[in-house]
Amino acid sequence: QRIGAEALDRLLAHPASARALLTATSRRLAPQEGLLPPHQRMAALGALPLMGADHAKANFPLLAGALQSGKGRVVAARAVMQLPRNTWAKEQAGPVAQSLLAWAKTVPAGQRTSQSYIETVQVAQEMASLLPPADASRIRKELRDLSVSVFVIKTVHEQMRYDTPAR
């Protein structure tokens, strides 16, 4: 059902209404990918982290599916990095990391310094950290061989600090 832009603005002005709209949209993402046009699917994937930590565990499989299928891979990679790490399903980490590794191998060397490539490979490395040590080491080594050393520093949403890798 379609609603006008003005009605949508009023609806999104209220956090509870916005969360209900996101929940309804996320339900349309899971069963059949064809329910949403591609641009709406990308917007919905990108908005999933905005549903909050209490919905993150349910939203992770949707994002993992997009990472594996390649439909919205970059948007899903950015979104999954915004979810709390303790909500990531370990059983899906292996297939996601393998899928992202296979994808990374297809990216031409000249495009491996792009922001989207770097962020997506970072997701693969984070997923690898959830795997048994032998698998994690193998995947990380292959990813290192495919990329250049780049450090991505982002602001933490609604906080006055940066999200930097812990060393």
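## Reading the fold and its core

Reply: Start with one residue and its surroundings. Apart from neighbours within four places in sequence, leucine 67 is in contact with Arg73, Ala76, Ala77, Val80, Val96, Ser99, Leu100 and Val123. Keep in mind that this is a predicted model.

Me: Which residues have the most contacts inside the largest nonpolar core?

Reply: They are Phe60, Leu63, Leu67, Val80 and Met127, in a core of 36 residues. The elements that give two or more residues to this core are helix H4 (53-69), helix H5 (73-80), helix H6 (90-106), helix H7 (115-128) and helix H8 (133-146).

Me: How many helices and strands does the protein chain have?

Reply: The secondary structure comes to 8 helices and 2 strands. Read from the N terminus, the order is α-α-α-α-α-α-α-α-β-β.

Me: What share of the protein chain counts as buried?

Reply: Of its 167 residues, 35% count as buried.

Me: How do I read a helix that has a buried side?

Reply: Begin with the general idea. An α-helix has 3.6 residues a turn, so residues three or four places apart point the same way. Now take H8, where Ala136, Ile139, Leu143 and Leu146 are buried. These residues cover an arc of only 95 degrees around the axis, which puts them on the same side of H8. The face turned away from that buried side carries the exposed residues Pro133, Ala134, Arg144 and Asp145.

Me: What covers the buried residues of H8?

Reply: The cover includes H6 and H7.

Me: What span should the 14 residues of H8 have?

Reply: At 1.5 Å a residue they should span 20 Å, and the end C-alpha atoms of H8 are 20 Å apart, which agrees. The check can be repeated on H6, which has 17 residues. From its first C-alpha to its last, H6 reaches 25 Å, close to the 24 Å expected at 1.5 Å a residue.

Me: Which residues of H6 are buried?

Reply: Ala93, Gly94, Val96, Ala97, Ser99, Leu100, Leu101, Trp103 and Ala104 are buried in H6. The buried residues of this helix pack against H4, H5, H7 and H8.

Me: Which residues are buried in helix H3?

Reply: In helix H3, residues 38-47, the buried ones are Arg41, Ala44, Leu45 and Ala47. Their arc around the axis is only 165 degrees, which puts them on the same side of H3. On the other side of H3, Pro38, His39 and Ala43 are exposed.

Me: How do I follow a contact between residues that are separated in sequence?

Reply: Tryptophan 103 is found in helix H6. It is 18 residues from valine 121 along the chain, and their C-alpha atoms are separated by 9.4 Å. Leaving out residues up to four places away in sequence, tryptophan 103 touches Arg73, Tyr117, Thr120 and Val121.

Me: Is methionine 127 buried or exposed?

Reply: Methionine 127 has 0% relative accessibility, so it counts as buried, the limit being under 20%. It lies in helix H7. Methionine 127 and leucine 100 are 27 residues apart in sequence and 9.7 Å apart in space, C-alpha to C-alpha. Again not counting residues up to four places away, methionine 127 touches Phe60, Val80, Trp88, Ala93, Val96 and Ala97.

Me: Where are threonine 120 and threonine 87?

Reply: Threonine 120 is in helix H7, whereas threonine 87 is found in the loop between H5 and H6. Threonine 120 counts as buried because its relative accessibility is 0%. With residues up to four places away in sequence left out, threonine 120 touches Arg73, Val74, Ala77, Leu100 and Trp103.

Me: What does the side chain of threonine 87 reach?

Reply: It reaches the backbone oxygen of proline 84 at 2.6 Å. Threonine 87 counts as buried because its relative accessibility is 10%. Beyond residues up to four places away in sequence, threonine 87 touches Ala53, Ala56, Lys57 and Phe60.

Terms used
Residues are numbered from 1 along each chain as its sequence is written. This is a predicted model: local features need pLDDT of at least 70, side-chain atom pairs count only at pLDDT 80 or more; totals for chains, interfaces and linings use all residues. Side-chain values use heavy atoms; hydrogens and water are left out. A nonpolar core is a set of buried Ala, Val, Leu, Ile, Met, Phe, Trp, Tyr and Cys residues joined through side-chain atoms within 4.5 Å. Buried means under 20% relative accessible area, exposed over 50%, partly exposed in between (1.4 Å probe, protein chains only). Helices (H or I, at least four residues) and strands (E, at least two) are DSSP runs, numbered from the N terminus. Contact means heavy atoms within 4.5 Å. A polar contact is a pair of N or O atoms within 3.5 Å; within protein, one must be able to donate a hydrogen and the other to accept it, and residues adjacent in sequence count only if both atoms are side-chain atoms. The expected span of a helix is 1.5 Å times one less than its number of residues. The arc is that of the directions from the helix axis to the C-beta atoms.
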